[in-house]
Amino acid sequence: MKFDDFDDYFDGPEIEEKKEPLTPEQIEDKIDEENTITLHTHRWRNIAIAMIAVVVLGVALALFFRYFSPYVSDAQETGYVMKIEKRGLLFKTYEGEMVSETTLLNDSKVYQRDFVFSFDNDSLALRAMELQGKDVCVILKYKSYDGVLPWRGESRNIITAVIPTDAQAAMAVAADPSLIEPEPVDAEPMD
């Protein structure tokens, strides 16, 4: 039977190939061969997935330690607050400069604002702004991070407490301790 213009090489009845039945040993060998190929494929895929997971975990840990874990967690600097301003294009943060007491006591050093810091808490920034330029010596407690995040400020030093050291300011703090450190904010009221 011809359905096209091409010559057929076989125009006779189809001959079915005779297949010899496989012996049990041949069946086991065939199954082992198929499983071996599958195991090799799965092994390489599992190794690739494990390597990708290790790389992702390493990058996540590096980012955590660089930006979210302070390398100095409890430090303080004593001096006079010279300037505090709110700046930034997208994230407005309070930034400040302070002259440390050790710089003022050293006559051989040229006057400079030697401690630059940021506030991640607006109430602390406003409190420090009240003490700015009033000849009040201030102790600033801070944390230092390796990296700078835009919503945390431009400086690696983040202020955690503002403590005035003169008698009048200390009395005001004694009357209202919330002026030193901010009160923690509860997410939901407890019943």
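**Burial, pairing and contacts in a predicted model**

The protein exposes about 14800 Å², of which carbon and sulfur atoms supply 57%, with accessible areas taken from the Shrake-Rupley method with a 1.4 Å probe, and only the protein chains shown counting as cover for residues. This is a predicted model, in which local features need pLDDT of at least 70 and side-chain atom pairs count only at pLDDT 80 or more, while totals for chains, interfaces and linings use all residues. Residues are numbered from 1 along each chain as its sequence is written, and side-chain values use heavy atoms, with hydrogens and water left out.

User: Why is valine 148 called partly exposed?

Analyst: Valine 148 has a relative accessible area of 37%, and the term covers what lies between buried (under 20%) and exposed (over 50%), judged with a 1.4 Å probe on protein chains only; valine 148 is therefore partly exposed.

User: Where is valine 148 found, and what is it in contact with, leaving aside neighbours within four places in sequence?

Analyst: Valine 148 belongs to the loop between β4 (138–144) and β5 (157–164), strands here being DSSP runs of E with at least two residues and helices runs of H or I with at least four, numbered from the N terminus. Beyond those neighbours, valine 148 is in contact with Tyr67, Gly153, Glu154, Ser155 and Arg156, where contact means heavy atoms within 4.5 Å.

User: What makes β5 largely enclosed by the rest of the structure?

Analyst: Six of the eight residues of β5 are buried, so this strand is largely enclosed by the rest of the structure. For the protein as a whole, buried residues make up 24% of the 191 residues.

User: How do you know that β4 and β5 pair, and in which sense?

Analyst: Two strands pair if DSSP finds at least two bridges between them, and β4 and β5 have seven, in the antiparallel sense; within this pairing, leucine 140 stands opposite valine 162 in β5. β3 and β5 have two bridges and pair in the parallel sense, with phenylalanine 119 opposite isoleucine 159 in β5.

User: Which strands form the closed barrel, and what kind of pairing does it have?

Analyst: The barrel has five strands in the order β1-β2-β3-β5-β4, with mixed pairing. Neighbouring strands of this sheet are turned by 55° against each other on average, direction ignored. Helix α3 (residues 122–131) packs on the sheet, and its direction makes about 50° with that of β5; axes are lines fitted to C-alpha atoms, for helices over the stretch in contact, and angles run from 0 to 180 degrees between N-to-C directions.
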